[in-house]
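Trainee: I have a new chain open and would like a walk through it. Can we start now?

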Amino acid sequence: MAPHSNDSEPVSEPAEAPVPPPGTGDAEAGVTGAGRRLAAVRRFAAAGRRWRGSRSVGCAALLAVALTAGAVAIDGVREGRGVVAAGVPRGGPGVLNGVGLDAGVPALQARLRSQPRDFGGWATLGLAYVEQARTDGDPSRYPRAEKALKRSLDLNPGNDQALAGHAALAAARHDFADALAYADRALRSNPYNERALCSRIDALVELGRYDDAARAADTADTRRPGIPVFTRYAYVRELRGEVDTARRVLEQALAGASAPADVAYVATQLGRLAWSQGDHPAALGHYARALAADDTHLPALEGRARAKAASGDEAGAVRDLEGVVARSPLPGPLVALGELYEARGEKAKAREQYTLVDAWTALARSGGVNVDLDTALAAADHGDKDAALRAARAEWDRRPTVHTADALAWALHVSGRDAEALPYARRATATGYRNAAFLHHLGVIERAVGRDGDARRHLTAALELNPGFSPLGAREARTALKDLETAR
């Protein structure tokens with residue numbers, strides 16, 4: 001199905017909306033939210049094109065559009081050429097113990113109408129808003145979350161539930177230093193708070209403190225073993241190159257999962273891991289299990305599209321990704337769809353997806369989300385190279401992770417600064433993390449600085465690890481290898 005745009009539907013929710021009275025329109029908003037968000041992104045993109053072409057639309061007008069529409073921090077592992085793939089185990093199963101968010105939020109609001117001094121209820125509502133924003137792409141929920149969490153702390157200063165909620169909110173906005181600080185405060189109050197334990201792991205990972213993250217995962221596993229901790233434990237091990245351990249932990253987590261949301265979530269993590277290691281049939285099997293448990297689980301649908309593309313089913317991949325972006329027009333699936341269109345020679349359609357990514361980054365910033373890494377990854381291949389380099393440098397200064405090292409290396413490469421790029425490309429692979437896109441970038445940069453032997457080795461390794469890591473990246477790697485062999 002082609003992405004649907006409902007340009008006639010107004011966007012009515014301001015980004016700074018107050019915490020709504022219990023029982024007001026969240027359930028109804030969920031019905032049409034996806035259509036409104038996609039329409040808003042498309043309107044913003046169209047306005048941006050008009051402004052760039054004629055300069056007749058003022059910045060204030062564009063900002064006004066941005067402030068009324070939706071975006072959310074991406075919880076994804078960066079893969080491919082600027083692609084943000086679903087999968088980092090942040091968030092996971094919802095905060096309402098199996099109750100759907102669309103149903104659970106109104107129930108919480110009704111409870112708080114009758115019991116307004118329930119500090120635990122306010123903390124849970126704040127977390128629910130964070131989860132809604134994470135899943136439906138609406139940043140207007142972040143100020144609501146902040147107000148609900150503040151209300152909880154006003155009623156009971158220092159309560160660990162609200163502090164853990166603030167940690168989750170900071171992580172969603174990509175403020176990982178604050179996320180770590182709030183998680184530590186929550187754990188001083190309650191060392192067994194599962195949300196705080198998980199947010200602490202997430203923050204340490206996203207700050208590039210991998211040894212500390214591994215210790216935090218061990219601690220969390222001792223204190224609160226369960227699916228949210230297991231999936232994070234697995235990802236930390238994957239970042240250290242311990243793929244077999246990561247797979248075993250996820251398989252154990254899946255064996256213990258019973259709720260459909262848990263099954264879908266863990267099976268999707270297994271699918272992503274299998275895809276990243278080039279086992280595309282296994283990935284398709286895991287995604288099928290995820291979607292059988294929950295056919296609305298978008299990360300599984302997006303992952304299935306990537307696995308289909310890697311298996312040669314481009315038409316099926318396009319259909320799946322069109323379905324994803326129709327419901328959640330976020331950078332990962334937009335770039336993936338754009339690259340599939342580009343690989344098929346549909347350049348106009350590809351440009352539309354990349355333009356929507358630019359619109360999304362502006363909308364996300366208006367919601368208080370730091371999107372420099374997303375900007376760097378997408379713009380390096382499909383946008384403003386200078387903007388990509390500025391964003392990558394800014395993100396590296398904030399958090400020196402393997403993903404920011406790779407993004408900075410690639411942004412330097414496309415800017416013609418390969419000698420400067422090489423140390424960052426090497427750092428991206430230094431932890432043992434097995435990522436075909438990182439190996440591809442390293443090989444291309446090595447070739448550019450005349451290290452042909454190293455380039456052949458790393459380009460070959462990228463294609464052997466995951467020959468379908470990106471439709472354009474894999475093609476570029478194969479072409480570079482052929483040219484290197486011809487030149488020998």
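This is a predicted model: local features need pLDDT of at least 70, side-chain atom pairs count only at pLDDT 80 or more; totals for chains, interfaces and linings use all residues.

Trainee: How many helices and strands are in the chain?

Mentor: The chain has 24 helices and two strands, taken as DSSP runs (H or I, at least four residues, for helices; E, at least two, for strands) numbered from the N terminus.

Trainee: And what share of the residues is buried?

Mentor: 60% of the 488 residues, with buried meaning under 20% relative accessible area (1.4 Å probe, protein chains only).

Trainee: Which residues have the most contacts inside the largest nonpolar core?

Mentor: Ile 201, Val 205, Leu 239, Val 266, Ile 445 and Leu 459, in a core of 100 residues. A nonpolar core is a set of buried Ala, Val, Leu, Ile, Met, Phe, Trp, Tyr and Cys residues joined through side-chain atoms within 4.5 Å. Apart from that core lies another, of 22 residues, including Tyr 142 and Ala 364.

Trainee: Now helices α17 and α18: at what angle do they pack?

Mentor: Helix α17 (residues 347-366) and helix α18 (residues 372-382) pack at about 160 degrees, with axes 11 Å apart. That makes α17 roughly antiparallel to α18 (angles over 145 degrees count as such).

Trainee: Which residues of α17 make the contact?

Mentor: Tyr 354, Val 357, Trp 360, Thr 361 and Arg 365, where contact means heavy atoms within 4.5 Å.

Technical notes:
Residues are numbered from 1 along each chain as its sequence is written. Side-chain values use heavy atoms; hydrogens and water are left out. Buried means under 20% relative accessible area, exposed over 50%, partly exposed in between (1.4 Å probe, protein chains only). Axes are lines fitted to C-alpha atoms, for helices over the stretch in contact, and angles run from 0 to 180 degrees between N-to-C directions. Angles under 35 degrees count as roughly parallel, over 145 as roughly antiparallel, 65 to 115 as roughly perpendicular and the rest as oblique.
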